[in-house]
Every structure is written in C-alpha cells, then in structure tokens.
Amino acid sequence: MKGKILVTGGTGYIGSHTVVELQAAGYEVVIIDNLSNSNREVLDGIEKISGVRPVFVEADCTDKEALTKLFDENPGINGIINFAASKAVGESVQKPLLYYRNNLVTLINLLELMPKYGTKGIVFSSSCTVYGEPDVNPVDETAPIKKATSPYGNTKQISEEIIADYITSGAPIKSILLRYFNPVGAHPSAEIGELPNGVPQNLIPFLTQTAIGIRKELSVFGNDYNTPDGSCIRDFINVVDLAKAHVKALERMLEDKSEEKLEVFNLGTGVGLSVLELINAFETATGVKVPHKIVGRREGDIEKVWANPDRANNVLGWKATTPIEDTMRSAWNWQLRLRERGIM
Ligand code: UD1
C-alpha cells in the first residue's frame, strides 16, 4: 500500500472516479460522504471496477466531532482529497449561507485536523470559475482572479485563500489546488457516472436525458455570443482523465516532488468546444439525435473559457488524452445503464 487517503465527497461524481484511480494506483481509501447528492450504490460500482470496497463513513464534514472520530478510527491518513462541497451555481444564489457553511466549514475542519493527525497534504477541488470571463484564452494559472459571480464561485475563491493563508502562517501541510474546467463523461465500464438530483442544470446530463427521451428538448442558451457559431465555448474534460490528475497531484505532495508548499494547476484539454459542436460530437459518436432549440442566454454564463494545460502537462506530468467522441459515448452508455437499472 502506498498510503491511506481520505476522500471527502468520495461517492460523488468526480470523487467516485478518483477513488477508482487511487485504488488502482495502490492507495488505501477512506471515504466520507453525507450522501446529500449521491448514494450507497456508488460503492458497489467502485468495488465492481476495482475489486476493492473502500472504507465508507456516512457523515457530514461540517461535523467536526464526526471527522475527529474518523481520524481516530482510521489512523495514518497521509493525504486528503477534498471533493465534499455543494456545487449548484443557481442554488447558491438562493441559499448562500448553506454554501458558505458547507464548503468553508468543511475545509476549515479538515485543515485544523491535519497537523493533529500528521496528515501531510490536501488536494483541493477548485474551478475555472475563479477566472470569471477571462481576458485571454487559453487561460493559464497566472490569469487574474475575477470577482465571483455566485456564492458557489466565491466559496472556491475563499477556499483557495484560506489554504494559502494557512500555509503562509507556517502550518505543516502542503496543498495542490486543481482548477477544473468542465468535467464530463463517465467511467468506460458504465458502473459509475454522474447522477444529478432532479432536473439537471449542467449541459451533459441534460443532453443525455434528452437523447434518451426523459426531457423533450435541450435548450441551447444563446447563439449570439462572440464565437464562431454564436454558442458558448468550454473546455470539456473527461472525468477519468481528471481523476488521474488527482493521483498525480497526491503523489507529488506525498513524495515531496512539489516545488512549493502550495501549487496550482489548471485541468483541461486545451481545446475549446462550443455547445453546438458538443451536441454534434455526441450525435456523431453515438448515432443518437438530440432534439434541441436555441433560446435566450442564461444569466451569469461565461462566453468562452478554455485551459492552457501546459503546467499540468509539463510539471504535474499529466495530460487529458480521451477523445471527445469516446467521452460522449461513455456519457451515453451511463445514461443507458441508468435506464437498465430502472433509476431513470
Ligand atoms: C458551471 C460553473 C462551474 C461548475 C460547473 C459544474 C460557473 C461560471 N460555472 O459551469 O464552476 O464547475 O457548472 O457544476 O460558475 N448549457 C446549455 N443548455 C443547458 C445547460 C447548459 O446551453 O441546458 C450551456 C451553458 O450555457 C454553458 C455550457 O452549456 O454555455 C456549459 O454549462 P454547464 O454545464 O452548466 O457548465 P458551466 O456553466 O460552464
């Protein structure tokens, strides 16, 4: 075993894919999740893929007593990957305090416990949302941080600052901040994937639910942006590729390869794809049509953003390699599996 890793939010979308990759790389995993946006069956999926069932603790990371108990009962946790957070942009505008409490108290609890239990490093899930509408694309890590447009986005910015301040104060920990662009797709086995609650707010789950007939039509939010086809441009990154970057980041911190106590990496493909191009890629890859119509812009949307992943490629030694067509097929196979299992 390479070490024991606590994965908060480990039954969630990106968390579950990361647990699979960690176990494949020889790490022992302890998951803590309150199941607010996931379920226990995810553990079966993880076990089917990797042959190992991770330790699972059902608890909320804002509950410091529960976290302390977890550290006591699972001695020797070397590193943490913190996925546990609320992430719906719209909901965060309606319920800002819920977002600040969940996302910030979770992080503070973890940071406070790390030195006490000798936990060396924490990988933090951040987002390209910290760049707002960037002045230039592709965006590298030196691009200015823009004022957040939602409480959700603000929790990511504040979290990054909390970690930086804590390390500056001399705390005996290391951290890597990973700024994700738009994670999409599912594990190629279709045993795990994204399972949104209610009507999906994000593009891909809405698209696959439309393709399978759960939704009548996909609304494309705007075709009058300053882009070649008028729809917004994003950097869609395969979730398994993304998960693998976490393993690299963890190794880097725990094996003392990192140059600084705090590092930041953009995780994207380096390729911007428009919403209409993505629909087209899905249709080409699966042969399934996606009924869609153009509607007005969605408030708060960024026009275009894609990553310069050079630092992740060259320094972290990680690269997104999955072609978008394979990613779209994986998203579709996952949607088909959900129907087979009678989930949706
Ligand atoms: C948002 C957040 C990001 C977060 C991500 C996942 C911001 C600025 N972005 O990204 O931080 O990590 O959600 O929770 O806070 N679209 C449609 N029709 C739909 C849905 C989406 O046309 O039904 C379009 C959107 O207008 C956008 C693109 O698809 O141009 C991607 O949207 P979405 O999947 O919601 O992700 P982001 O808004 O980019």
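Three cavities of 30 Å³ or more are counted in this predicted model, where a cavity is a set of points on a 1 Å grid over the protein atoms alone at which a 1.4 Å probe fits but cannot get out. Grid points are joined across faces, edges and corners, and a volume is the space filled by probe spheres set on the points; lining residues have an atom within 4 Å of a point. The model is a prediction in which local features need pLDDT of at least 70 and side-chain atom pairs count only at pLDDT 80 or more, while totals for chains, interfaces and linings use all residues. Residues are numbered from 1 along each chain as its sequence is written, and side-chain values use heavy atoms, with hydrogens and water left out.

| Cavity | Volume | Lining by class |
|---|---|---|
| Largest cavity | About 100 Å³ | nine nonpolar, four polar, one charged |
| Second largest cavity | About 50 Å³ | five nonpolar, no polar, two charged |

Of the 14 residues that line the largest cavity, Glu194, Pro205, Thr208, Trp334 and Gln335 lie nearest its centre. Helix 7 (203-211) and helix 11 each supply at least two residues of that lining, helices (H or I, at least four residues) and strands (E, at least two) being DSSP runs numbered from the N terminus. The second largest cavity is lined by Tyr131, Pro134, Asp135, Val136, Ala143, Pro144 and Lys146.

A pocket, in contrast to a cavity, is an open set of points with protein on both sides within 12 Å along at least five of seven lines. The second largest pocket holds about 230 Å³ of space, and among its 14 lining residues Phe236, Thr269, Val271, Thr322 and Ile324 are the closest to its centre. Strand 10 (236-238) and helix 11 (324-340) each give at least two residues to this lining, with the largest share, three residues, coming from strand 10. By class, the lining has seven nonpolar, five polar and two charged residues.

The domain assignment, which is automatic or taken from a database, gives domain 1 (4-184 + 235-267) and domain 2 (203-234 + 270-340). Their contact, meaning heavy atoms within 4.5 Å, takes 28 residues from domain 1 and 28 residues from domain 2, and the C-alpha centres of the two domains lie 24 Å apart. Both domains give residues to the lining of the second largest pocket, so this pocket lies between them.

Thr269, which is in the loop between strand 11 (262-267) and strand 12 (273-274), has 28% relative accessibility and therefore counts as partly exposed (buried means under 20% relative accessible area, exposed over 50%, partly exposed in between, with a 1.4 Å probe and protein chains only). Leaving aside neighbours within four places in sequence, Thr269 is in contact with Asp235, Phe236, Ile237, Pro309 and Ala320. The C-alpha atoms of Thr269 and Pro183 are separated by 10 Å, although these residues are 86 apart along the chain.

In helix 2 (residues 41-50), the buried residues are Val42, Leu43, Gly45 and Ile46. Seen down the helix axis, these residues fall within an arc of 160°, so they line one face of helix 2; the arc is that of the directions from the helix axis to the C-beta atoms. The buried residues of helix 2 pack against helix 1 (13-24), strand 2 (28-33) and strand 3 (55-58). Gly51, which follows helix 2, has a positive phi near 75°.

How values were computed
Ala, Val, Leu, Ile, Met, Phe, Trp, Tyr, Cys and Pro count as nonpolar, Asp, Glu, Lys and Arg as charged, and the others, Gly among them, as polar.
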